[in-house]
Amino acid sequence: MKTFFLLREEQACPVATMDVHVNVKNRQHAIDEYHYGPANPHEPEDHWQKLADIWGIDVNTAQTMKCENCAAFDISDKMRSCIEKGIVGNTKGSSAMATIEKADLGYCNLLHFKCAGSRTCALWLTNGPIDDEDL
Ligand code: SF4
């Protein structure tokens, strides 16, 4: 689907940061195909065991592999600014950055949606995240 990769040229932001419908569609793809989750990191149920089984590793190791340290997790100021613009939308006075900070949001450069640092998926890459020093 081309919408995974297109940028809005006028904003130079990924579409999913600006369009919540595209974001949810791409997130569902991540859930269905790459075991993105857990849905509630505070109540993970068997998420980490399933991910450990996918990788063929133990649960403790699987729990060290999160979006927050994945090389596809972009938390650069530029990307977080894109996310902030998308959350603010037309709602004046909302604190989009507070939402970003609370949820530890970044942008997944592989699956093209806003993901959370406390979650993960089967595509996890070592040596992340991407921050301003990498750009
Ligand atoms: S590829 Fe990395 S940043 Fe993207 S959802 Fe998976 S673990 Fe998170």
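**Exercise 1. What percentage of the 135 residues of the chain count as buried?**

Solution. The structure is a predicted model. Of the 135 residues in its chain, 30% count as buried.

**Exercise 2. How many helices and strands does the chain have, and in what pattern do they follow along the sequence?**

Solution. 
Step 1. Counting the elements gives six helices and five strands.
Step 2. Reading along the sequence gives the pattern β-β-α-α-α-α-β-α-α-β-β.
Step 3. Now take the contacts in the chain with a separation of 6 or more: 63% of them are between residues 24 or more positions apart.

**Exercise 3. Describe the open sheet of three strands, strand by strand.**

Solution. 
Step 1. The strand order is β3-β4-β5, and the pairing is antiparallel.
Step 2. β3 (73-74) and β5 (114-116) each have a single partner strand, so they stand at the edges, and one side of each is left without a neighbour in the sheet.
Step 3. α5 packs on the sheet and touches β3, β4 and β5. The direction of α5 makes about 105° with that of β4.
Step 4. Look at the joins. β3 and β4 are joined by two bridges, and β4 pairs with β5 over three bridges.
Step 5. Find the facing residues. Tyr107 in β4 has Asp74 opposite and also stands opposite Lys114 in β5. Leu105 stands opposite Ala116 in β5.
Step 6. Follow the hairpin of β4 and β5. Five residues lie between the strands, and His112 takes a positive phi near 60° there.

**Exercise 4. Which residues come nearest to the ligand, and what classes make up the shell around the ligand?**

Solution. 
Step 1. There are 15 residues around the ligand, and Cys67, Cys70, Phe73, Cys108 and Cys121 come nearest.
Step 2. Sorted by class, the shell has 14 nonpolar residues, one polar residue and no charged residues.
Step 3. Take Phe73 from this group. Leaving aside neighbours within four places in sequence, Phe73 is in contact with Cys67, Glu68, Gly106, Cys108, Cys115, Gly128, Pro129 and Ile130.

**Exercise 5. Where are the cis peptide bonds from Gly37 to Pro38 and from Gly128 to Pro129?**

Solution. 
Step 1. The bond from Gly37 to Pro38 is cis, with omega near 0°. Pro38 belongs to the loop between α2 (20-34) and α3 (47-55).
Step 2. The bond from Gly128 to Pro129 is also cis, with omega near 0°. Pro129 lies in the segment after β5.

**Exercise 6. Which values of phi do His35 and Asp104 have, and how are these two residues placed?**

Solution. 
Step 1. His35 is not a glycine, yet has a positive phi of about 60°. The residue is found in the loop between α2 and α3. His35 is partly exposed, with 17 other C-beta atoms within 10 Å.
Step 2. Asp104 has a positive phi near 50° and lies in the loop between α6 (96-103) and β4. Asp104 counts as partly exposed, with 17 C-beta neighbours inside 10 Å.

Notes:
Residues numbered from 1 in each chain as written. Predicted model: local features only at pLDDT ≥ 70, side-chain atom pairs only at ≥ 80, totals over all residues. Contact = placed C-beta atoms within 7 Å. Near = placed C-beta within 6 Å. Nonpolar A, V, L, I, M, F, W, Y, C, P; charged D, E, K, R; others polar. Pairing = 2+ DSSP bridges. Helix = DSSP H or I, 4+ residues; strand = E, 2+ residues; numbered from the N terminus. Axes fitted to C-alpha atoms, helices over the stretch in contact; angles between N-to-C directions. Buried ≥ 20, exposed ≤ 12 C-beta atoms within 10 Å, placed from the backbone.
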